[in-house]
Amino acid sequence: MTESDHTDETPENKLPAQTGEVHEVGVRQGMFGVRGSGDTSGYGGLVQPTVFPGEAQRPYGGWYDEVADALVAAAHDAGVESMAPRVVIHRGEITFHVRREDLPVVAKVLRDDERLRFELCSGVSGVHYPDDTGAELHAVYHLLSMTHNRRIRLEVTAPDADPHIPSTVSVYPTNDWHERETFDMFGIVFDGHPALTRILMPDDWPGHPQRKDYPLGGIPVEYKGGTIPPPDQRRSYN
Amino acid sequence: MSQDVYAGSSDTSEGKVFTVSGQDWDSIAEGLGEDDTERVVVNMGPQHPSTHGVLRLILELEGETVTEARCGIGYLHTGIEKNMEYRSWTQGTTFCTRMDYLSPFYNEATYVLGVERLLDIEDDIPEKATVMRVLLMELNRISSHLVCIATGGMEIGALTVMTIGFRERELVLDLFELITGLRMNHAFIRPGGVAQDLPPGALDEIRSFVALMKKRLPEYADLCNANPIFKARLEGVGHLDLAGCLALGLTGPVMRSTGYPWDLRKTQPYCGYETYDFDVQTWDTADSYGRFRIRLNEMWESLKIIEQAAERLAKLDGAPVMVADKKIAWPSQLAIGSDGMGNSLDHIRHIMGESMEALIHHFKLVTEGFRVPAGQAYVPIESPRGELGAHVVSDGGTRPFRAHFRDPSFTNLQATSVMAEGGMVADVIVAIASIDPVMGGVDR
């Protein structure tokens with residue numbers, strides 16, 4: 001590809017416009033998962049950053065501002081100084097990224113403050129972003145306020161080197177099993193959980209299967225010593 | 001006492017251990033007679049028929065009173081969420097439909113709604129596809145509630161409830177087979193719409209099913225509603241009030257049995273539920289009996305929705321069932337031939353004989369799939385067991401970066417301890433049946 005190609009403004013050559021702030025997490029290389037071998041497709045050199053929706057700008061619109069203001073104010077009253085959650089609004093869903101040390105207080109005010117009243121927690125969902133350096137492990141909480149009929153998402157991160165996140169079981173007892181599952185699958189240690197043990201995998205299982213670096217098994221084939229490589233090493237679209 | 005390989009006893013550091021299966025409880029009574037304590041720890045399951053699949057219950061008993069109840073789960077864990085990360089977005093429906101095998105359409109729907117939100121095509125889904133989704137989901141609610149009532153009845157000895165429950169469920173499965181080609185594990189609801197149009201004659205079958213169900217549903221009420229044995233076993237059992245439900249995250253019939261009319265179809269409508277006429281069913285006893293009555297009433301409400309959906313579908317004859325965007329819509333078509341359902345020969349002729357571009361397009365979409373913009377979505381829906389939601393995360397690729405299912409069975413099963421402790425051991429089964437856990441959904 002030559003430099004002049006970049007000025008080609010025909011629709012098929014235009015990159016989609018990036019609107020607003022974005023949050024970059026890693027890059028995607030090539031198109032067919034080929035590394036090192038002769039890829040004649042021409043797509044092997046393609047480098048695309050993996051960008052997640054970035055921080056939203058005020059005003060957020062609707063009830064989002066109200067909730068965001070109430071959360072910061074209530075957390076401040078409860079003893080969290082200078083809490084500035086990173087707020088992401090994407091496809092009509094609002095996400096508050098909060099510091100992990102603030103999580104117990106934030107969860108408590110989200111449940112108890114009358115302007116917030118998020119009575120129901122729909123559990124914890126872990127996500128492993130190996131390329132999000134320093135924040136590889138994410139714990140995602142979906143909260144529902146039945147009083148106000150609102151939903152928000154709470155996201156907390158922990159680095160791989162120190163996979164600790166405070167437990168929310170004392171605020172939302174429903175998270176008991178959800179945190180056990182997230183520990184089982186990702187190895188996130190929820191400090192303060194009453195009995196953090198494996199729940200789906202056997203008690204003596206090594207490793208945490210949902211992590212992206214968990215080795216997948218290949219399948220031996222009874223034909224001239226062949227094997228089928230594990231799914232993450234097969235040639236595939238990416 | 002003779003040594004039986006299946007029912008023996010042995011001394012361990014934890015005390016005397018008995019292995020009991022079937023009807024040989026006498027050996028326990030004999031063995032305990034010498035002991036001065038009545039405290040027994042019982043492992044119930046994981047293969048006990050009353051435990052809805054493979055659920056292990058660890059009960060600590062004081063006589064016949066349960067002092068502590070714990071659940072051991074994970075016996076059906078198959079790594080579906082992990083598997084989905086190595087398949088295309090469309091293939092994801094094939095996996096997630098197998099989670100909660102009694103309500104497959106709900107698993108598909110919540111996942112697909114999440115994918116569609118990330119694709120930003122929520123407003124482009126054809127009306128017919130949405131109505132068909134509603135129709136299938138409500139049929140599925142009936143079949144799921146029937147299994148709950150049937151197995152719940154069987155566990156307390158009401159065998160007729162089981163036989164008639166499965167008789168009616170069979171009718172629903174026949175409809176599924178007619179519409180999707182499969183009785184379960186349909187993978188019918190796809191990102192962008194549904195897999196194919198209604199087959200000819202389906203609406204007539206649905207209408208006659210509704211007419212038949214209206215005659216058959218009163219049988220359940222006649223058998224159970226005022227039956228003194230049934231009521232004695234269910235009333236006041238598995239009590240959990242609203243505060244307990246909220247703390248433990250219980251939704252669905254268990255929460256509605258406390259009198260709180262929370263139903264996502266009404267409170268946060270999706271798939272156009274706000275345009276259907278139906279009522280949210282509640283009860284005020286917060287016990288197993290109330291949950292039974294709610295399920296019975298909800299089947300009537302589902303019939304109302306099915307009738308309205310069938311009416312709309314009659315007017316939508318020939319309308320598209322897949323999104324118009326050819327970069328997302330599944331290209332392959334199915335048709336019914338003389339030997340059953342298979343590839344549409346018209347489509348094969350088109351791609352193999354007429355248009356090379358169509359062949360390339362078909363190949364790319366089926367092998368590579370479409371890309372979903374990076375982000376995350378959570379679109380919960382009201383499954384027969386409560387709030388079912390898929391947390392779908394995309395990194396902009398052709399496969400889900402992460403798909404996590406918040407399955408109501410998993411969450412609701414946490415209430416076993418509070419429902420069972422302090423009660424009789426026989427009531428444990430009733431309490432768990434009233435939660436209606438499906439282990440495929442619990443363990444995923």
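Residues are numbered from 1 along each chain as written, and chains are lettered from A, ligands numbered from 1, in the order written. In this predicted model local features need pLDDT of at least 70, side-chain atom pairs count only at pLDDT 80 or more, totals for chains, interfaces and linings use all residues, and side-chain values use heavy atoms, with hydrogens and water left out.

Me: How many residues does the contact take from chain A and from chain B?
Reply: Contact here means heavy atoms within 4.5 Å. Going by that, the contact takes 56 residues from chain B and 53 residues from chain A.

Me: Which three residues supply more than any other three of the area that chain A buries against chain B?
Reply: Buried area is the accessible area (1.4 Å probe) that two parts lose on being put together, summed over both. The two chains bury about 4,500 Å² between them, with 54% of it on carbon and sulfur atoms. On chain A's side, 17% of the area comes from Arg91(A), Trp177(A) and Tyr237(A).

Me: Which side chain of chain B meets Glu181(A) in a salt bridge?
Reply: A salt bridge is a side-chain nitrogen of Lys or Arg within 4 Å of a carboxyl oxygen of Asp or Glu. The rule finds five of them across the interface of chain A and chain B. At 3.1 Å, N to O, the partner of Glu181(A) is Arg444(B).

Me: Which element gives the most to the side of chain A that touches chain B?
Reply: Helices (H or I, at least four residues) and strands (E, at least two) are DSSP runs, numbered from the N terminus. Elements that each supply at least two residues to this side include β2 (47-53), β5 (120-128) and α3 (175-186) of chain A. With eight residues, the one giving the most is β5(A).

Me: In what sense do β6(A) and β7(A) pair, and over how many bridges?
Reply: Strands of a sheet pair through backbone hydrogen bonds, either parallel or antiparallel. One bridge joins Ala139(A) to its partner Val156(A) in β7(A). For β6(A) and β7(A), the sense is antiparallel, over nine bridges.

Methods
Two strands pair if DSSP finds at least two bridges between them.
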